[in-house]
Structures are given as structure tokens and as C-alpha cells.
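This report describes how parts of one structure are arranged. Please look at the sequence and the structure below before reading on.

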Amino acid sequence: MSTSPRPAPSSLWALLPLLIAAVCLTVYVATAAPGLTWAHDGADGGDLIAGCESGGVPHPSGYPTYCLLARAWARLAPWNLARRYTLFSALAAAMSAGLIGDLARRLWRRAGGGAGREALLIGAACGLIWGLGPALWSLAVITEVYALHALFAVLLLWRVWTLHEDSPRRAWLALGLVAGLGLGNHLTLALLLPGLLLWLWPLLTRRRALAALGGLALGLCSYLYLPLAARGNPSVAWGDPGTWAGFWWLVSGQMYRGYVMATPLAHWPVRLADLAGRAMQQFTLPGLALVLLGIESSVRRAPLRQRWAGALLVGLPALYALGYNTSDSHVYLLPVWMLCAVAQVPGAMAASRALAGLRRLRRLVPVTLLAVALWLGITGYGVQDLSDDRTAEDWLQAVATGTPEGALVITGEDGQTFALDYWQWAQGERRDLVVVDGELWAYLWYRRQFGVRHPDVDLPLEGSLEQVVAVGLARGPVYLATRRPALEAGYDVRAAGVLWELRAVPQ
């Protein structure tokens, strides 16, 4: 009697990515923020929405691919404006989970695991572990560019894996297009390219390389959005992408360069310990054991070129995340967790081979992975659930009810600045408020943007922030969203709800 696994119905193979994506999307929709949120390091959401809705340019690097896709989605989707953009993140994250599941079952089959139900279980488990892990789930329920970044990273890996010796040139064109569009969403996708290039090197021919470069150039055309958008003088327009110098300042993220590889050496042990802790949270102990087993098995079996390619794929994003000196640098670990999710497949294969003579125990391998996915879903629900989060929306309402018409509000934190930008230039609420970001006032492009927003407000655009306050007090009330001791000197400061009001001291 044959003991080979029965092949799974072809319909299940085709439906597997859709089923995984549907499960993840259902969970994301149930736990997504109902409106604008600051949770999960999501302060940038207000700026992204305002930039998209005003037809403008959000903060560096401008994220043109995100602007084009998210704005198109927002035109089609129901719900309130902020939730539309949040659910765009949910959709992108769910699609990436479906692709990971499809990639995992392909890898299992190529490794000799067959096309039976075991392959479906392995694929489903790996896709759900990726989708319900805290790294992706936390980004799927807020407005940010990183869920789309994850989708492009997974799509790039999936596209590379499906290439073979007789791949047509259009497949290489598609590979380049995915890379170009992904770089138009987030430039850190470039960290994956050296490893993938080394991996594909034996398959490259002149024609294939030209096809891939053509696709890359076509995808990078998304950056034309930035100067074109800036020509319309939108109310949200970072930098001056209409000039070459301004375009480069924006796209290269010049104002954030000081964070790159700036983590002090004394902090690296803490960062490495945090990385280990996040790995445990992401996969749990059984899943992490299979990841490590998969890495060991792959390194032992792979040729030297593929070992170096794997080291680059994991090492460059990890090094960048560890060296980027901000509190939310962990988001740059997404490609690392993506590759670890896939590494569970060779780990599961190695475990299955070790238990080849023990059929019942061998069946525990896919069951263990499914149990990990279920555990992540159960334990993560309460942590990731933002369905009742209204902190940012309540703050905006408090500002609305606590400020008179025409008041000057000086902000100092991204969350507050971007929330007010969303409120005024995406929602069209309280545009009478004169909002000045105290940190951005030093930039010439920001003062020009202020002139576009408030052409009838006479503030000293060439003056210091102190001069802005002095002129502002002469025309009406002035409020601080964040205390600024240097700016408060010589004024009477009084709490005014969620703000602080500056008043001139009587002589």
C-alpha cells in the first residue's frame, strides 16, 4: 500500500494565498484604528493623508508610489477618510501574507515535500505567522508606508523565487518594475537588491539584465509625481522638488541622514537584546527553533554564492535597523522577519526528515506551525487592537473647542503637527487656525508653504520663531501644543485644555 501523501486539489493550491489574505484582512479590519491614530509609532499618518489628499508631497522621501496607490484606493473605499488609508495598509499587509503562504508551499514542494495537504498546511501556517506576527500586524492597523513596503519586499522575493532557467524577458521586466515601484514607496527596499542580485547572477544574461533595468526605470518613474505635484502649489509640500536641489534633498532624506548608523556603540548590546526579544515575540520558541534549524540546513546545503546572498539579504536590513538611531528603527527589520518566515520551511523539512521513521511525530511539524500561528493570533489581538483608540481624534476635538477663530498654534511634535495638517488640509476643518511647526520654521521651503496656506496672514516669514510669537500676539491669541521654555521667556503661560496659552506680561 502506498504511503505517499495524496496531492491536494489544484483549487486549494490556487485559493491558498486568497484564504490566508482573507483571514488576515478580517483580523486587521476588526483591530484597525477607527480614525487618525498615533499608536504603534504611527504619528506620520496625518502627514501622509494630508499629502495625498491635497495632491501634495509628504515628508521625505516623498513616497510617490504610496501617494499614487493610496489616494486611488481612498477614492474607491467607503468609511471615513483616515480609516480608508488605514485599511489600505491592512489590504497591503494581507496580500503580503498570502504571497508568503504561496512562496512557502512552493519552497516545500521544491525541497521534495510534495504537493499534498502537508504542503498546504505548511504554506498556510507560514503565511499566517507572517501576517499575525506583531511586526506586520502592528503596521497593518495604522496609516503608514511600511505595510506597502512589506508587500513590495515579499512580492520582490516571490518574483525572484519564481524565476527559472527559461524565464521569458517579460518576467525580468516585471521583476525590475516591482523593484522600481517598491523603491518609490520606501528606499530601504534597496537593502535587498545586492543579495537578490548575487542570488540571480547565474541566470543573468544581457537581454534579461536590460529587461530588468527597463522595468526598474519604468517603476522609478513614480518619482516624477513629486515635481509634478509641487507645481500645483499644494498646501502640503515638503521640500522644493520642483528644483533639482530640492528634489534630491527630499528623495535622499537629507534631514534624516544624521540618524543613519548613529546608534552609539554602547547601545548596541541593548539593541541586540531587543532584536532577540522581538524575534521571540515574532515566532515564539517553537517557530524560532524551526527558523534557526532552517537557516542551519540552508547554509549547510547551499553553495557559497547562495550563502553570501542570504547573508546580505538578512544582514543589510538588520545592520541598518540596529544602526538607525531612532526609537522606531525596528520597522526596518520587516525584511528580516519576512526571510525568517520563509526559513521556517527548510526548518520544517529538516525536522520532517529527522522524524521520517515516526509518522505520527512527523505530522506534528505542520501542526506545530499552525499552533504558532493560532497562538500569535490569540495573544496578539489585545495588544494590536486599536478599534477603540481615539487619542488623536480626541486631541483634535479638544483643540477645536478650545481655540478661538484665527488663533496661532505653535507645534513641536510630529504627531500634533501632522494631526492638524490632516484636519485642516485633508478634512477641511478649522482652516482659520494658523499652525506653525516650531521645528520646521527654520526651513525656507516650510515658510514658503506657510505663505501658500495662509496668504492673508501677515507673519514675518523671514523672522525667527520668537518674532512670529511677538507678531502673533499683536494679532490674536497664541497657543503652544508642546511646552517650549526658551520661547516662553517673558510671557505668562497658562494651561488651556490640551494646549498652553501665551500671554504678554503687563508692564
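## Helix α7 against helix α15

Helix α7 (residues 146–161) packs against helix α15 (residues 334–354) at an angle of about 45 degrees, and their axes are 10 Å apart. Helices are DSSP runs of H or I with at least four residues, strands are runs of E with at least two, and both are numbered from the N terminus. Axes are lines fitted to C-alpha atoms, for helices over the stretch in contact, and angles run from 0 to 180 degrees between N-to-C directions. The angle makes α7 oblique to α15; under 35 degrees counts as roughly parallel, over 145 as roughly antiparallel, 65 to 115 as roughly perpendicular, and the rest as oblique.

The crossing of α7 and α15 is right-handed. A crossing is right-handed if the near helix is turned clockwise from the far one by less than a right angle, and left-handed if anticlockwise. On the α7 side, the contact (heavy atoms within 4.5 Å) is made by Tyr146, His149, Ala150, Ala153, Val154 and Leu157. On the α15 side, Leu334, Pro335, Met338, Leu339 and Val342 take part. By class, this contact of α7 with α15 has 10 nonpolar, 1 polar and no charged residues. Ala, Val, Leu, Ile, Met, Phe, Trp, Tyr, Cys and Pro count as nonpolar, Asp, Glu, Lys and Arg as charged, and the others, Gly among them, as polar.

## Basis of the model

The model is predicted: local features need pLDDT of at least 70, side-chain atom pairs count only at pLDDT 80 or more, and totals for chains, interfaces and linings use all residues. Residues are numbered from 1 along each chain as its sequence is written, and side-chain values use heavy atoms, with hydrogens and water left out.

## Two roughly parallel helix pairs

Helix α4 (residues 81–113) also packs with α7: their axes come within 8 Å and cross at roughly 25 degrees. The two are therefore roughly parallel to each other. α4 passes α7 in a left-handed crossing. The residues of this contact of α4 with α7 divide into 17 nonpolar, 2 polar and 3 charged.

Helix α5 (residues 117–132) and helix α17 (residues 364–384) pack at an angle of about 25 degrees, with axes 8 Å apart. That makes α5 roughly parallel to α17. Their crossing is left-handed. From α5, the residues that meet α17 are Glu118, Leu121, Ile122, Ala125, Cys126, Leu128, Ile129 and Leu132. From α17, they are Pro366, Leu369, Leu370, Val372, Ala373, Leu376 and Gly377. By class, the contact of α5 with α17 has 13 nonpolar, 1 polar and 1 charged residues.

## Cysteines

How many disulfides does a search of the whole structure find? There are 0, where a disulfide is a pair of cysteine sulfur atoms within 2.5 Å. Cys67 is in no disulfide, and the nearest cysteine sulfur, that of Cys52, is 3.9 Å away. Cys67 has a relative accessible area of 2% and is buried. Buried means under 20% relative accessible area, exposed over 50%, and partly exposed in between (1.4 Å probe, protein chains only).

Cys126, one of the α5 residues that meet α17, is buried at 0% relative accessibility. Its sulfur is 12 Å from the closest cysteine sulfur, in Cys340, which is too far for a bond.

## Backbone exceptions

Most residues other than glycine have a negative phi, and most peptide bonds are trans. A cis peptide bond joins Pro60 and Ser61, with omega about 10 degrees. Ser61 is in the loop between α2 (45–53) and α3 (64–76).

Thr284, which is not a glycine, has a positive phi near 65 degrees. Thr284 is in helix α13 (residues 268–301) and is buried, with a relative accessible area of 12%. Arg430, also not a glycine, has a positive phi of about 45 degrees. Arg430 lies in the loop between α19 (414–426) and β2 (434–437) and is buried at 19%.

## Around α11

Pro227 is in helix α11 and is partly exposed, with a relative accessible area of 22%. Leaving aside neighbours within four places in sequence, Pro227 is in contact with Pro241, Gly242 and Phe247. Pro227 and Trp244 are 17 residues apart in sequence and 9.2 Å apart in space, C-alpha to C-alpha.

Ser235 lies in the loop between α11 (225–230) and α12 (244–251). At 15% relative accessibility, Ser235 is buried. Not counting residues up to four places away in sequence, Ser235 touches Ser54, Trp425, Gln449 and Arg453.
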